[in-house]
Amino acid sequence: MATQLIFDKGLANTVAAETSLSFIDGEKGVLEYVGIEIDALARQSTFEETTFLLWNRRLPSQDELSSFERDLRKEYELPSGMIDMVRKIPRSAPPMHALRTLISALSFFDLEADVNTPAANARKAMRLVARTPGLIAAFDRHRKGKPIILADARFGIAEDFLRMLNGTEPTVAMARAFDVCLILHADHGLNASTFAARVTISTLSDMYSAMTSAVGTLKGPLHGGANEGVMHMLEEIGTMDRVDGWVQERIGQKDKIMGFGHRIYKSYDPRATYLKTFSQKIASDTGNTRLYEMSRRIEEIMHEAVAAKGIYPNVDFYSATTYASLGLDIDLFTCLFAMSRMSGWTGHCIEQLEGNRLIRPHAEYKGPHGVKYLPISQR
Ligand code: SDX
């Protein structure tokens, strides 16, 4: 008997994988990594510990965490050929274009690039999470004509990234704030870029190809690119007195407001809840409250207009102002998302291979049949 095929546009109502990495309850606004609520992890964990959790599906002991951190830091160092490659990228290249190329190029320097065993993929996952921050920082320094600063194994990922990027060691508060952002962005069910990674690895292609697919997918403004879109919106509005008019006009035009809405959350994204508090604290600590105040007003207007439709702030809405308050360039925001999600993407690839089946859905053919081939002289 022929299988019943259902066309589900955008796969909005389709379960395409089973996972133990993260759980989302869109109605209640719940996000858990391996059963642990995101708020508990944001308050008490680190990006390194969260990465261990996602890859091993349990929290580490102190000894395990210490050796995991050591193993990650051993992989910080970029092959020299990668630094040469960074320097060949046009300074005008958008950072996500640069990152897509650099992640792909990492495979040239990995002898295990095409080895698809669990052990080799675990080592490649380490290298990818350990090296992505250095690649982003190196490209940013290169494009600004500044000397590239190499990673330093004395520091954790969040702290070392800010040091490599800015040339100075961050404050404890800034390093912690960024570490929490990395925790919050690490995994999120079968979002588009994770799906892209799983499709790629399901063909038994390699981890670097899967990560390249994921980076290219995250770049889109409907997905990871939204955090940059939020900042461009705030810049275009400019001042608090222009917020109401600008937002009401776009709601009237049925434009999508960046940083709002979600395929799964029909309530407040718990990451946005956390980032909003963060953004407010950093704003008050730095005295630079304009962006946060504007964001809050946008949220109030959107709540009145569309909350009834289940449209609330998502992770990107307040990550934008948090990153801006940390002095990070707008066009790096999606790279920061990728740096974090590298842990989730690689975790999903490892999980996909544990019970792999080629991911290959159907397409419903809408074209003609029985068309005659006319020789070109008769066309
Ligand atoms: C991320 O999937 C994940 O998990 C992603 C992510 C992760 O961690 O990986 O959470 C990260 O990508 C967050 C989302 C970031 N994107 C944005 O902020 C871009 C703006 N948001 C929208 O483009 C939209 O909300 C999506 C793409 C996020 C979700 O779109 P859907 O599920 O396809 O919903 P839809 O576009 O069909 O919209 C349904 C209705 C429409 O109204 P009607 O035509 O039914 O009247 O809601 C409206 C839309 O117009 N709507 C919005 C809106 N988002 C949806 N209206 C105004 N502003 C918005 N942002």
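Domain bounds here come from an automatic or database domain assignment.

**View 1. The chain is divided into two parts, domain 1 (22-223 + 338-354) and domain 2 (226-325).** This is a predicted model, in which local features need pLDDT of at least 70 and side-chain atom pairs count only at pLDDT 80 or more, while totals for chains, interfaces and linings use all residues. Residues are numbered from 1 along each chain as its sequence is written, and side-chain values use heavy atoms, with hydrogens and water left out. The C-alpha centres of domain 1 and domain 2 are 26 Å apart. Their contact (heavy atoms within 4.5 Å) takes 23 residues from domain 1 and 19 residues from domain 2.

**View 2. The ligand lies between domain 1 and domain 2, because both give residues to the shell around it.** There are 24 residues around the ligand, and those that come nearest are His 188, His 262, Arg 263, Arg 271 and Arg 341. A residue is near if one of its heavy atoms lies within 4 Å of the molecule.
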